[in-house]
Amino acid sequence: MIELLYLAASSFLLICVALFIALVFNGIERKLVARMQARIGPPIIQPFIDIKKLFMKENIVPDSAIPWLFNSMPAVALASSLIVLLYIPFGGMPALLQNYGDLVLVLYVLLLPSLALAIGAFASGSSFASIGAQREVVLMMSYEFVLSVVAISLAWLFSLHCPQANAFAFSTITSRPAWFMVGGAGFLGLILLFISSLAVVPAKAGKLPADIGEAKTEIAEGVLVEYSGRNLALLYMAQAVRVLAFTSLIVALFLPWNLSSLIAIPGQLSMLADFLFFLVKVFMVMFASSIFVSAVTARLKVDQAARFYIIVVFLLSLLGLLLIGIDMLM
């Protein structure tokens with residue numbers, strides 16, 4: 001019973017901290033993108049202001065909507081985004097639920113926010129939202145192939161080097177960085193897998209050049225067009241947390257080092273240093289894959305985005321898998 005209470009309290013604390021960090025990062029992102037585009041931009045606390053304002057506004061449900069489905073999907077999107085953080089190492093510490101789920105489960109749960117967003121849009125009864133939902137589903141099917149190849153490649157690598165352990169478990173993946181298990185060809189393969197994972201971030205985050213599900217100038221916010229008040233606030237938070245969760249997953253898979261393992265840090269300071277170091281890694285991944293890209297690129301068309309992920313990024317990840325296989329045979 002005590003262990004269950006401790007797990008519940010730890011999960012609640014982690015969720016609160018992660019939600020705060022996700023909104024701060026979102027504010028920093030908006031500020032940086034504005035600066036890179038020669039604009040002043042909003043203050044960093046703007047996401048908190050927006051969410052507070054939305055919670056104070058009326059929650060409108062369209063007459064043509066399916067009310068229970070329309071209203072429940074924002075909560076599902078936020079909850080599933082937050083739950084992911086309980087299964088992956090966050091802040092340089094082992095995952096709270098590492099004994100109850102692995103990489104396969106995390107990839108499935110990461111599908112839920114996008115799926116919930118599409119279902120909620122379909123349930124709204126709006127033609128603009130339905131078009132956005134169709135685009136969201138097409139995009140989701142395009143990049144999931146890439147994530148599957150990345151997961152299989154890393155699991156294959158760890159299954160050979162750690163045959164007694166669960167190759168999909170994060171405790172196995174973070175115990176020994178994959179970069180130290182391969183030779184030249186495998187190292188190049190891991191780089192290609194890392195690049196492929198970074199390419200998926202804009203699609204997962206709903207950012208340029210892959211924000212085709214919203215496309216403000218084309219379909220008037222698309223999947224979000226009928227949402228307002230509390231529901232819209234939940235979706236904004238879900239989007240921010242989803243970016244944090246996915247970039248944290250990339251860090252766990254490819255950059256699992258802790259600062260305390262690289263330099264000697266005394267006592268409790270090591271935990272704080274590892275946590276801050278983890279946030280730096282997550283933000284650098286976020287900047288390289290989402291913030292900078294969204295500031296300098298234009299939106300892709302639906303067919304362009306699908307071809308990019310199915311042909312270019314998917315083949316890049318397959319090449320990474322092939323190079324790892326060649327390295328294992330050498």
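This is a predicted model: local features need pLDDT of at least 70, side-chain atom pairs count only at pLDDT 80 or more; totals for chains, interfaces and linings use all residues.
In the largest pocket of this model, helix α1 gives the largest share of the lining, six residues, where helices are DSSP runs of H or I with at least four residues, numbered from the N terminus. Residues are numbered from 1 along each chain as its sequence is written, and side-chain values use heavy atoms, with hydrogens and water left out.

Let me stay with the pockets. A pocket here is an open set of points, on a 1 Å grid over the protein atoms alone, where a 1.4 Å probe fits and protein lies on both sides within 12 Å along at least five of seven lines, and lining residues have an atom within 4 Å of a point. The largest pocket holds about 690 Å³ of space, a volume being the space filled by probe spheres set on the grid points, which are joined across faces, edges and corners. Its lining has 26 residues, with Asn26, Arg30, Lys207, Lys216 and Gln239 nearest the centre, and α1 (2-36), α2, α8 (216-219) and α9 (229-254) each supply at least two residues of that lining. By type, the lining of the largest pocket comprises 10 nonpolar, six polar and 10 charged residues, counting Ala, Val, Leu, Ile, Met, Phe, Trp, Tyr, Cys and Pro as nonpolar, Asp, Glu, Lys and Arg as charged, and the others, Gly among them, as polar.

The second largest pocket has a volume of about 310 Å³, and its 14 lining residues include Ser10, Leu14, Met93, Pro94 and Leu96, which lie nearest its centre. Here too α1 supplies the largest share, five residues, but the lining of the second largest pocket divides into 12 nonpolar, two polar and no charged residues.

The side chains of aspartate 50 and arginine 30 are joined by a polar contact of 3.2 Å. Alanine 38, in the loop between α1 and α2, is exposed at 75% relative accessibility, and its phi is near 60 degrees, a positive value in a residue other than glycine.

Note on methods: A polar contact is a pair of N or O atoms within 3.5 Å; within protein, one must be able to donate a hydrogen and the other to accept it, and residues adjacent in sequence count only if both atoms are side-chain atoms. Buried means under 20% relative accessible area, exposed over 50%, partly exposed in between (1.4 Å probe, protein chains only).
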